[in-house]
Amino acid sequence: MSYTSIPNQPIIFNSILSEPCPNCNTEYNQVLDFNDQVFFQLEAGQCGYLQFDSVISNIGCTIENSTITFPSSAGDQGVVFGYKKFINCLEFKLTITVDSGMTGVLTVGFTNGTTEQISAPGTHEIYLKATDIPSNTNNNIQDLILASTGANGFVGTVTIMDFQPYCNGALFVGLVDPVTLSVVERFDPVITTSDQYLTAAIDLKDYDLDAGCYRLAIADFCTNSCGQYYVYNPFFNDWGGCLGCPTIGWANDYGTGTDDWTVGGGTASISYTSNANSTYLESITELCEGAEYSVTIIVDSINDGTLRVVVDQIAEGTAITTAGTYTFNITPASSGKIGLYLINDIGQTADVVVSKLDIRAYKEHAVYDMYTDEIQIGDFSDDCKYFKIEGCNAENQFGLGFNGTSFLPGVRLEGRKFRAQYDVSADIFRYASGKTVTSYADVRKRWTFYFERMPEHILDFMSIIFYFDNVYINGEVYAPFDSAFPDIEYNDADNLGSITIELIKKDTLVRKAVCVAADANCLPSILDLGSEPFILAQDGDRLITEDNINLYQQ
């Protein structure tokens, strides 16, 4: 799988549907309002073949397995690793440790892409982006470099702990029947990617949905059911170019004669030596009957022949007789592997060179393979009964990605807001005369929120949401009154829990602070002195007693 759900969020996808638990009291459906914005976040992981093929160059370093030692004299030195990209991934994660005795600056990055600099010991997680070169004619376009340069060059030992691509961006999302899993609606989510995080946002009001129970579903492109995302190894790379290394994703099959397709170095090619020869080049990628695909093929050269894209040996789409880039739609009449077939038109020298063959199924034909638990969509807009709890952070927190993702996870729960209480901290002084003066008072108003029974994965989310930088409840920003999270309330032998928590408005300040002792002599109404004839005055000033009490006209 290339995508996995990150824990502690309310939308979780699984490849295996949860089984009902008799007598467990686990009846719960997460509710979504017709107008809700639904957010979920996935972590992109490794998909496909990945390996360091070879050391492309090494200047002055010692390499032992994944450990590279830079000698004790700073200067221009370093190592370049080469590996092939077999799928169209452009973002990568490198985990590298640097020994405690290091000095100088180590540069890490791609020969064609971004670089980062390390100037401190420890374990570093670095995210790199490679430059997309569609033709992919350079076998090592994503060579990884570790370099030391100049007088402040790096000295020390590093170990590459992990290096893998994050193929973010390819995601189909839909709504399916909770039992039959038949497709009800295809969504077109807004996708943002940052480092290993893929964030999807769906605005439900953009869709005409009936009230009822459903599941959210996603199609994982690594699973590649019905080839909905790509042909495996679309650029015809070999595995390292070494003697005896296997070709990835393509094989000669069927046909007659001795002429075979040659795959590797960024092309697939064949030249017929006899008019009787014929050979199909087949991908390991299978397409599905009745699904509609967009095909892109780049033909570098073709002579004396006609090239056809085939599925299960049946010709599909455009017949190609000249070089160029072609994009066309196909709908296979039967399921089978996609491939290429060159037909001799004249003579015995028909040949072709192809540098790309890729496909993508239209979202209407996506085959979903990961699902949420049941959700209920309807009108849940009653703010007195249902509470939408959402939160965000300025930086990545709790294992979730917020920086640059616009991620706003949330859940709508049935509950109640009640029992307003007022916590007052005050400084009160009483004079010998009996007068009392409050020089300072700070008032915090808190409410009790009760949220109805929910399953464990929702409780996981609730246990962190109140400690986000901002937590919104029906659009208003709250904060916990107490730092401790409340105990979960369960019924006997129950798997659903409810919580009661006290919250305060995050930015409300009700405070009195008197810096200079004085008696304000306030009246029920604040009026100009001239409009209050009941106060005794002389020369425009109020007449008061020695204790600063106003004298009134009787």
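In the predicted model, strand 2 (residues 30-33) and strand 30 (residues 375-378) run parallel and are joined by four bridges. Within this pairing, Gln-30 has Ile-375 of strand 30 as its bridge partner. Strand 2 is covered on both faces. Gln-30 and Leu-32 are buried on one side, and Val-31 and Asp-33 are buried on the other. In a regular strand, side chains alternate between the two faces of the sheet.

The fold comprises 40 strands and one helix. Of the contacts with a separation of 6 or more, 74% link residues 24 or more positions apart. Buried residues make up 45% of the 554 in the protein. The accessible surface is about 26,700 Å². Carbon and sulfur atoms account for 48% of that surface.

In soluble globular proteins, nonpolar side chains tend to be buried together. The largest nonpolar core holds 37 residues. Ile-297, Leu-307 and Leu-340 touch the most other members. At least two residues of this core come from each of strand 21 (267-271), strand 22 (278-287), strand 23 (293-303), strand 24 (305-311), strand 26 (324-330), strand 27 (336-344) and strand 28 (351-361).

The surroundings of Leu-307 were examined beyond its neighbours within four places in sequence. Contacts of Leu-307 include Ile-297 and Leu-340. Trp-261, Val-299 and Ile-302 also contact Leu-307. So do Thr-318, Ala-319 and Ile-320. Tyr-341, Leu-342, Val-352 and Val-354 are likewise in contact with Leu-307.

Note on methods. Residues are numbered from 1 along each chain as its sequence is written. This is a predicted model: local features need pLDDT of at least 70, side-chain atom pairs count only at pLDDT 80 or more; totals for chains, interfaces and linings use all residues. Side-chain values use heavy atoms; hydrogens and water are left out. A nonpolar core is a set of buried Ala, Val, Leu, Ile, Met, Phe, Trp, Tyr and Cys residues joined through side-chain atoms within 4.5 Å. Buried means under 20% relative accessible area, exposed over 50%, partly exposed in between (1.4 Å probe, protein chains only). Contact means heavy atoms within 4.5 Å. Accessible areas come from the Shrake-Rupley method with a 1.4 Å probe; for residues, only the protein chains shown count as cover. Two strands pair if DSSP finds at least two bridges between them.
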